[in-house]
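Subject: Structure for you to look at

Dear colleague,

Here is the structure I promised to pass on to you, together with some notes on what was found in it. Please keep the model open beside this message while you read.

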Amino acid sequence: MTTQINSGDQIEIITADNARPKAEWLEVVATAKAKQSIKSFLKRERQNNIERGMRLLEERMQELNVPLSGRVLRKIVPIYESKNKEELYSKIGAGIVDLKDLDKVLKVNATSKILKFWTLFINKKDDDEGEEAVAESTADDRAEEPQFVMAECCKPIPGDSVVGYRDLENNRIVVHKANCGELDRLAAQYGKRILKDEIKWSRHKAMSYLSTIALRGIDRTGMLLDLARVVSEDFSINIRQVDIHTHDNIFEGTISVYVRDAESLYALMDKIRKLKGIDTVKRNLN
């Protein structure tokens, strides 16, 4: 292919049933017609590979009794070193990707994914401090904004209609369901501290990263519930897997979570360390 021929040269053309044009030929052919013919063939072959790959993947997923969804595709595309689903289909159709290990691939935890998170915020325009206070707020003021804490009496979850109670002693806002009976008592004693319409939920998407925390400590009743509570209190954390086992009144294991950044992970680890009975908490880098 790289030898230049001239008019009058004698050549021999050897054909084969399995011979196919290749993309690298485009770097050496000279005429526009030859280049166009190669490009047309490669385009048809890619489309055929995509269609064949789609069919093979669907058949393999049916064998595993797993629905082929967008979530599954987003997971396996990077694992098979593809940029998008079309490239994955093409590789499968061309025989570059073998689906024999697909069952194992589906069990692999994705190291990163885009997840939905809930956060609470105060509508400053409706706050008693007024718009003027908002305009004059500084970075230091924002750093001192109160912390949101879910009320134990009604345990609100993202999406619930909520009302806040401003705890001035601890600089935090205790969030209750709007129909919580405890609010009547609080409103009667501390009416000015009730934030009825100011507390809002906000939902957003962010890239999250899988991290594993290794734990060890003294086993006691309610330990697992306390661990779950600490993690679930932070709506920027998503639990992926919990693996805890006990022996001789000692528990040890791991918690795998999706976090937005290292700061979120270490903040969670600090909260876990404060639980009664916890001995060691460390990030598992394996």
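Which residues does His 176 touch, not counting residues up to four places away in sequence? Before the reply, please bear in mind that this is a predicted model. With that said, His 176 touches Ala 151, Cys 153, Cys 154, Pro 156, Ser 161, Val 162, Val 163, Glu 182, Leu 183 and Leu 186, once residues up to four places away in sequence are left out. You will find His 176 in strand E4, which covers residues 172-177, and because its relative accessible area is 4%, under the 20% limit, His 176 counts as buried.

Next, please turn to the helices. Two packed helices are described by the angle between their axes and the distance between the axes. Helix H1 (residues 32-64) and helix H3 (residues 85-94) have axes that come within 6 Å and cross at roughly 85°, which means that H1 is roughly perpendicular to H3. On the side of H1, the contact is made by Arg 46, Asn 49, Ile 50, Arg 52, Gly 53, Met 54, Leu 56 and Leu 57, while H3 contributes Glu 86, Glu 87, Tyr 89, Ser 90, Ile 92, Gly 93 and Ala 94.

After H2 comes Glu 81, which has a positive phi, near 55°.

A search of the whole structure for aromatic pairs finds 1. The pair consists of Tyr 165 and Tyr 190, and it is tilted, with 5.8 Å centre to centre and 50° between the planes. Tyr 165 lies in strand E3 (residues 162-167), whereas Tyr 190 lies in the loop between helix H7 (182-189) and strand E5 (194-195), so the pair ties together parts that are 25 residues apart in sequence. As for accessibility, Tyr 165 counts as buried because its relative accessibility is 10%, while Tyr 190, with a relative accessible area of 32%, is partly exposed.

Finally, there are the charged side chains. Side chains of opposite charge can pair when their charged atoms come close. The structure holds 9 salt bridges, and one of them joins Arg 216 to Glu 252, with the closest N and O atoms 3.7 Å apart. Arg 216 lies in strand E6 (residues 199-218) and Glu 252 in strand E8 (residues 250-259), so this pair ties together parts that are 36 residues apart in sequence. Both partners are partly exposed, Arg 216 at 33% relative accessibility and Glu 252 with a relative accessible area of 26%. Together with Asp 279, Arg 216 and Glu 252 are linked in a network of salt bridges.

Glu 152 forms one with Lys 155, where the closest N and O atoms are 2.7 Å apart, and the side chains of Arg 220 and Asp 226 meet in another, at 2.8 Å from N to O. Arg 220 counts as partly exposed, at 23% relative accessibility.

Conventions
Residues numbered from 1 in each chain as written. Predicted model: local features only at pLDDT ≥ 70, side-chain atom pairs only at ≥ 80, totals over all residues. Heavy atoms only, no water. Axes fitted to C-alpha atoms, helices over the stretch in contact; angles between N-to-C directions. Helix = DSSP H or I, 4+ residues; strand = E, 2+ residues; numbered from the N terminus. Parallel < 35°, antiparallel > 145°, perpendicular 65-115°, else oblique. Contact = heavy atoms within 4.5 Å. Phe/Tyr/Trp six-rings, centres within 6.5 Å; stacked < 30°, edge-to-face > 60°. Buried < 20%, exposed > 50% of the residue type's maximum accessible area, 1.4 Å probe, protein only. Salt bridge = Lys/Arg side-chain N within 4 Å of Asp/Glu carboxyl O.
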